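Work through these exercises with the model open beside you. Try each task before you read its solution.

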Amino acid sequence: MKAVIGIDIGTTSAKVVIFRPNGSVITEAESSYPVLEPQPGHMEQDPHEIEQALIDALHEAIADSGLSASSIQAAGISSAMHSLICVDESLTPLTNVLIWSDRRSVPQVERLRASDRKTLYENTGTPIHPMSPLLKLRWMYDESFVPYQTAASYISMKEYILRKWFHQDVVDYATASASGLFNIHRLEWDQDALNYAGISAEQLSTPVPPTHIVTGLNKDIARQTGLQQDIPIAVGASDGPLANLGVGAVDDSKTVVTVGTSGAVRQFVNKPFLDPDERVFCYAVSENQYIMGGPTNNGGNVLDWLQHTLQSPDKQPGVSDVESYLQMAGDIKAGSNGLLFLPYLNGERAPHWDATLKGSFFGLSHSHTQAHMARAGLEGVIYALYSIQEAIDTLGHSSDTIYANGGFARSELWLQILADVFGRTVKVPVSHQSSAWGAACTALIAIGSLSSYEEGTKDIAFQTSIPSQDMNNAAYRELYHFFKRLTEQTSTIARDMQHFQQ
């Protein structure tokens, strides 16, 4: 039996999924790693822990599959965006991995002139925000950060793996785009961005398309994982576009909404597409594929915070805290009796790009209970996602059907709220490993076993479609306008009072 591996190096874990060539799952394994916060707002991870987690997940998945190493045709790699490591000439990390949620470059964002913001956005398609490695590098430059000053290269976590395991100094277009340093029109490093970051193109990897193959796996890594040394590995892309490709959302007629720890709304377009108001990103994926959309900082992390804060008063034995929370929220009608929750626990990215936004409940009265607050929390995350979709719609890229993936797709309640707020039918794949399958498809295309992503996703199985309920949609349309106004009117207050919070 032939098989292909999809590798997904995420924000909190490394996932390895072994697929049959038709996309059905043979086995999967996952190994997690922590996020470190050595100082307030400094969000990091240990690259050695991530590498070991990936080794462990590969070893477990291959061992559990019962497959011989020779039956695995290829592998492809998906990875989280916006990571940054300073390394020396011998590839020794001089820093931990700075991840997207790191906030140390907030002052650099605030100081950047509007004209420079516009130039950088128009060149790279990346809105200005502390998530961007571009701004992190500028922070290092401004602070005379010693690892930055002595580094030979500045790379992402995926590049670290590719260099260490294959001695290949390459980066896929999508990961390069997410750095804020890549010109999406010329598919090369952008000189204006390099000048701003204070670095040169020679200190970065060579950009390549997602089907670029690396071989010659390190002998010791092959022994630890069970992979063959000559296995072809496609460099793939970042997790966002691969999640779209993994469900067959390969053009601008299909929108994908993903909610894991954070969330995103994404659509493919066939050329660079920029927003005059800089609300959405546009990243290159291949020579004729670009992904546009926007990320939210606040997705599953909001559910985690709320379910720990709002424990169900009548929790049933044997029911998990999350299940209890969702049951409590499900007892309340759409709209939470006029209670709104701004979900900005970690500031916000699209469409506001404001790291100082704060979360809050608005409209509380004696009639509201824990259950109302629980429901309002779920609705607030979807309102935030809809604000991204609204920006996409105004740019002329509306679609009728939403494809949902990520952890939230396991909740029927949350999916129904998504359908009702967006006013569109939601389709959910049976497998939640869309990014991994997108990576695996890329590998099969790279070795010639598939002709296209359309071919690779034609047999993807979907659960029952979830239609929007007109009555709920009408209520949500009215409440969304209040949500939008609240976000706009509280942003200045949040910025002014941020010095009270550490």
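The exercises below go from the whole chain to single strands and residues.

This is a predicted model: local features need pLDDT of at least 70, side-chain atom pairs count only at pLDDT 80 or more, and totals for chains, interfaces and linings use all residues. Residues are numbered from 1 along each chain as its sequence is written, and side-chain values use heavy atoms, with hydrogens and water left out.

**Exercise 1. The whole chain**

Solution: 
- Step 1. Start with secondary structure: the protein chain has 17 helices and 22 strands. Helices (H or I, at least four residues) and strands (E, at least two) are DSSP runs, numbered from the N terminus.
- Step 2. Read the dimensions: the C-alpha trace spans about 65 × 55 × 45 Å along its principal axes.
- Step 3. Check burial. Of the 502 residues, 59% count as buried. Buried means under 20% relative accessible area, exposed over 50%, and partly exposed in between (1.4 Å probe, protein chains only).
- Step 4. Look at contacts (heavy atoms within 4.5 Å). Among those with a separation of 6 or more, 72% link residues 24 or more positions apart.
- Step 5. The chain exposes about 19,400 Å², and carbon and sulfur atoms supply 49% of it. Such areas come from the Shrake-Rupley method with a 1.4 Å probe; for residues, only the protein chains shown count as cover.

**Exercise 2. Strand β16**

Task: Is strand β16 (residues 263-269) enclosed or open, and what does it pair with?

Solution: 
- Step 1. Count buried residues. Seven of the seven residues of β16 are buried, so this strand is largely enclosed by the rest of the structure.
- Step 2. Take the faces in turn. G263, V265, Q267 and V269 are buried on one side, and A264, R266 and F268 are buried on the other.
- Step 3. Find the partners. Strands pair if DSSP finds at least two bridges between them. Strand β15 (residues 254-259) runs antiparallel to β16, with four bridges. Three residues separate β15 and β16, which form a hairpin.
- Step 4. Locate A264. This residue is the bridge partner of T258, and its bridge partner in β18 is P295.

**Exercise 3. A sheet and its edge**

Task: Which strands lie at the edges of the six-stranded open sheet?

Solution: 
- Step 1. Write the order: β3-β2-β1-β5-β14-β13, with mixed pairing.
- Step 2. Pick the edges. β3 and β13 (213-214) each pair on one side only.
- Step 3. Inspect one pair. Strands β5 (residues 72-79) and β14 (residues 233-238) run parallel with four bridges. Here A75 stands opposite I233.
- Step 4. Visit I26, found in strand β3 (residues 25-32). I26 is partly exposed, at 21% relative accessible area. Leaving aside neighbours within four places in sequence, I26 contacts M1, A3, I18, F19, R20, S65 and L67.

**Exercise 4. N472**

Task: Is N472 buried or exposed?

Solution: 
- Step 1. Apply the cut-off. At 18% relative accessibility, N472 counts as buried.
- Step 2. List contacts. Leaving aside neighbours within four places in sequence, N472 touches A334 and D420.
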